[in-house]
Amino acid sequence: TYQVTTRFSVTADIPLLSASRRTHNAFPTFTSSGIGDSSVLVSGWVWNPKENTRGNVQFGIGVLFPTGKDNVSNTILTAPGTTPVNQVVDYSIQPGQGGWGMPLQWVSYKNLGSNQLYFNGSYTAMYQSINHVLRTGAAANPTTLTQYNSISDQYLLEAGAAHPLSQVKGLTVTFGPRWEGVPARNLIPGDNL
């Protein structure tokens with residue numbers, strides 16, 4: 001994060017992924033690793049933080065770049081003694097989605113004595129709806145809606161209260177709900193529905 005002024009900042013994010021997945025008692029374990037989808041985000045406080053120390057709201061908007069591979073595959077044995085086959089790993093451990101996006105976020109807080117109330121959230125709107133990576137087994141059963149992996153919007157909301165623990169300097173306890181997920185339809189209609 002680069003603090004341009006006291007109110008505005010620019011953040012670049014290049015995530016690294018190392019993941020594995022095994023379904024129930026299936027024989028193979030799938031793995032993937034690499035750079036994920038990168039993003040650049042510009043954020044700004046509504047009020048000057050130097051003048052408003054008791055509460056503030058920050059909004060951010062950016063660009064998500066499809067820098068992560070969305071077609072990682074493994075050569076695996078489906079059972080002991082079988083011939084190795086090459087399969088695309090599950091989308092849950094793919095480093096990238098395969099599409100461009102627009103991350104939106106907000107952070108808000110209100111200080112009440114030594115406690116703090118907060119409400120934060122983010123929404124990543126994607127510009128495409130599918131990534132054209134053929135799912136395992138889709139060639140034999142080419143159903144339009146399930147043949148390719150989707151590129152989905154994502155959201156996260158959290159709110160609650162934070163209280164510093166005076167016994168441990170720098171440690172704060174938070175309490176509140178968190179809600180995250182993937183909506184049924186993307187905010188921006190995809191170009192390849």
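**Exercise 1: pairing strands**

In E9, Phe 59 has Trp 106 as its bridge partner. The model is predicted, so to speak by the record: local features need pLDDT of at least 70, side-chain atom pairs count only at pLDDT 80 or more, and totals for chains, interfaces and linings use all residues. Residues are numbered from 1 along each chain as its sequence is written, and side-chain values use heavy atoms, with hydrogens and water left out.Task: find which strands E6 pairs with, and in which sense.

Step 1. Strands here are DSSP runs of at least two residues, labelled E and numbered from the N terminus. Two of them pair if DSSP finds at least two bridges between them.
Step 2. E6 (residues 55-65) pairs with E9 (residues 101-112) in the antiparallel sense, over eight bridges.
Step 3. E5 (residues 38-45) and E6 are also antiparallel, again over eight bridges. Here Trp 45 stands opposite Gln 58.

**Exercise 2: a serine in E2**

Task: is Ser 9 buried or exposed, and which residues does it touch?

Step 1. Ser 9 sits in strand E2 (residues 8-13).
Step 2. Its relative accessibility is 7%, so Ser 9 counts as buried. The cut-offs are under 20% relative accessible area for buried, over 50% for exposed, and partly exposed in between (1.4 Å probe, protein chains only).
Step 3. Contact means heavy atoms within 4.5 Å. Leaving out residues up to four places away in sequence, Ser 9 touches several residues, including Leu 41, Val 42, Ser 43 and Gln 58.
Step 4. Trp 45 is 36 residues from Ser 9 in sequence, with the C-alpha atoms 9.2 Å apart.

**Exercise 3: salt bridges**

Task: how many salt bridges does the structure hold, and which residues are linked in a network?

Step 1. Look for a side-chain nitrogen of Lys or Arg within 4 Å of a carboxyl oxygen of Asp or Glu. The structure holds three such salt bridges.
Step 2. Asp 90 and Arg 21 make one, at 3.7 Å from N to O. Asp 90 is in the loop between E8 (85-88) and E9, while Arg 21 is in E3 (residues 16-21), so the pair ties together parts 69 residues apart in sequence.
Step 3. Glu 158 forms another with Arg 178, the closest N and O atoms being 3.7 Å apart. Glu 158 lies in E13 (residues 154-164) and Arg 178 in E15 (residues 178-181), so this pair ties together parts 20 residues apart in sequence.
Step 4. Arg 178 also meets Glu 180, at 3.0 Å from N to O. That gives the network: Glu 158, Arg 178 and Glu 180.
Step 5. At 52% relative accessibility Arg 178 counts as exposed, whereas Glu 158, at 23%, counts as partly exposed.

Methods:
Helix = DSSP H or I, 4+ residues; strand = E, 2+ residues; numbered from the N terminus.
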